[in-house]
Amino acid sequence: MDPVTLIVLAVVGVLVLAGLIGGGIWYARRNRELPKPPTKGEVSPTRPDGETATPGGGTDTLEAPTDPGAGTALAERPEAAGTRLQRLRARLAGTNNPLARGLLNLLSADHIDEETWEDFEAALITSDLGVGPTTELIDKLRTRFKVEDVRDTDQARAILREELVRLVDPTLDRSLNLDRKDGNPAVVMMVGVNGTGKTTTVGKLARLLVAEDKDVLLGAADTFRAAAAEQLATWGERVGVPTVRSHEGADPASVAYEAVSQGVEQEVDCVLIDTAGRLHTKTGLMDELGKVKRVIEKKAPVTEVLLVIDATTGQNGLVQARIFREVVDVSGVVLSKLDGSAKGGIIVQVQRELGVPVKLVGLGEGPDDLAPFVAEDFVDALLES
Ligand code: GDP
Ligand code: MG
């Protein structure tokens, strides 16, 4: 072989080798990058400007859903709704939950004296239960402990459980209207202040519905920021449901109307409308929320207006609740971020203030971290954590 051929062969060999190594690195990097956080996810390839296929048919064009948290796909069946609140116990354990700690202190006291009651009262106030409900509970407990001559922990625990459940009110109707009715899909509007967890809750709720074999359609009526529609569409991909969306700055009412129209046409079970985080101080934006509802209802009735309140914001959540109630008929509250150091007492105050039940609670950022609220289970989680 002449030297020129040899050199040519050597150069080709080196190039091929470099290509293989480079490709390998690219492949490895690409795979590593797959589980990206949803906030920066690529624009949903499935729904540019609401061009949706049927929800069922649309799912096969979706990319493999990814779970940024765990890095695993969400192909497996979502956790059943009934077992979810039990996880709250584990979430509360080891956290600085003042209510759970206050209960524990009361129950573990050798002798319940004036000081024990005062400490318990302080714990209740810290847990955002509010002055009214706290006084009510303490009075009731003191009377019952005396009248029933409470001597041991089991007895005390039983009374405590009863009175706490009464306070959280197990008689409220917490059922969610998420089924088709009179030939229309259920239509849910998710409302609330920025950052409370609306978009995340829409995603988690969609997954819960998918678990029940329901056809779901998402509507990205938060057109305030481009990232908002992307975040929602990414959730849609993760849980395998289509998202109707438009461009940044589009009229939110039109997007919502379009989503509901498509839901009606495609005979889906439920349309979930994500809305912008209306600043409750900006009247114009709040009016817009009312408009979104009115425009949707030209097509189909809104069956649930869920107000998302961040459990960690305390009294601020109450202020928000009051203002939102004036603009839309809130039918249920989602108390998000009840995990971590959330206080939980706010449930009682919000229900009293709004006259509307807490229907769902958020227990984390994961796709299965949303649970239907059950008064007894909640109290048990507090007492046993
Ligand atoms: P939005 O502005 O109301 O749509 O709020 P997002 O849905 O974007 O949520 C704001 C932040 O709160 C995100 O980082 C979520 O992951 C987080 N978040 C939402 N719900 C929960 C929850 O139940 N627990 C915790 N720990 N974080 C949550
Ligand atoms: Mg949002």
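I take two strands as paired if DSSP finds at least two bridges between them. Helices (H or I, at least four residues) and strands (E, at least two) are DSSP runs, numbered from the N terminus.

Entry 1. I am working on a predicted model, where local features need pLDDT of at least 70, side-chain atom pairs count only at pLDDT 80 or more, and totals for chains, interfaces and linings use all residues. Residues are numbered from 1 along each chain as its sequence is written, chains are lettered from A and ligands numbered from 1 in the order in which they are written, and side-chain values use heavy atoms, with hydrogens and water left out.

**Entry 2. Totals.** I looked up the overall counts. The protein has 14 helices and 8 strands. Of its 385 residues, 48% are buried. For burial I use relative accessible area: buried is under 20%, exposed is over 50%, and partly exposed is in between (1.4 Å probe, protein chains only). A contact means heavy atoms within 4.5 Å. Among contacts in the protein with a separation of 6 or more, 77% come from residues 24 or more positions apart.

**Entry 3. The sheet.** I traced the strand order next. The 8 strands form an open sheet with mixed pairing, in the order β3-β2-β4-β1-β5-β6-β7-β8. Its edge strands are β3 (243–244) and β8, each of which pairs on one side only.

β2 and β3 run parallel and are joined by 2 bridges. G219 has V244 in β3 as its bridge partner. Helix α9 (residues 226–239) packs on the sheet and touches β2, β3 and β4 (270–275). The direction of α9 makes about 170 degrees with that of β2. I take axes as lines fitted to C-alpha atoms, for helices over the stretch in contact, with angles from 0 to 180 degrees between N-to-C directions. Helix α10 (residues 252–265) also packs on the sheet, touching β1 (186–191), β2, β3 and β4, and its direction makes about 170 degrees with that of β2.

**Entry 4. Strand β5.** I then checked β5 (residues 304–310), in which 7 of 7 residues are buried. In a regular strand the side chains alternate between the two faces of the sheet. From β5, E304, L306, V308 and D310 point one way, while V305, L307 and I309 point the other way. All of these residues are buried. β5 pairs with β1 in the parallel sense over 4 bridges, and V188 has E304 as its bridge partner in β5. β5 and β6 also run parallel, joined by 5 bridges; D310 has S336 in β6 as its bridge partner.

**Entry 5. Strand β7.** Which sense does β7 take with each of its neighbours, β6 and β8? With β6 (residues 332–336), β7 pairs in the parallel sense over 3 bridges, and V334 stands opposite L360. With β8 (residues 370–372), β7 runs antiparallel, again over 3 bridges, and L360 stands opposite P372. In β7 (residues 358–362), 5 of the 5 residues are buried, so the strand is largely enclosed by the rest of the structure.

**Entry 6. R84.** Is R84 buried or exposed? R84 counts as buried, at 0% relative accessibility. R84 sits in the loop between α2 (55–58) and α3 (87–92). Leaving out residues up to four places away in sequence, R84 touches P78, E79, L208, L363, P367, D368, L370 and A371. R84 and D368 are 284 residues apart in sequence, with 7.9 Å from C-alpha to C-alpha. Their side chains make a polar contact at 3.0 Å. A polar contact is a pair of N or O atoms within 3.5 Å; within protein, one must be able to donate a hydrogen and the other to accept it, and residues adjacent in sequence count only if both atoms are side-chain atoms. The R84 side chain also reaches the backbone oxygen of L370 at 2.8 Å.

**Entry 7. Helices α4 and α7.** I looked at this pair for its geometry. α4 (residues 98–108) and α7 pack at an angle of about 145 degrees, with axes 9 Å apart. L103, L106 and L107 in α4 meet T153, A156, R157, L160 and L164 in α7.

**Entry 8. Positive phi.** D149 is not a glycine but has a positive phi of about 50 degrees. D149 lies in the loop between α6 (131–147) and α7 (153–168) and is partly exposed at 39% relative accessible area.
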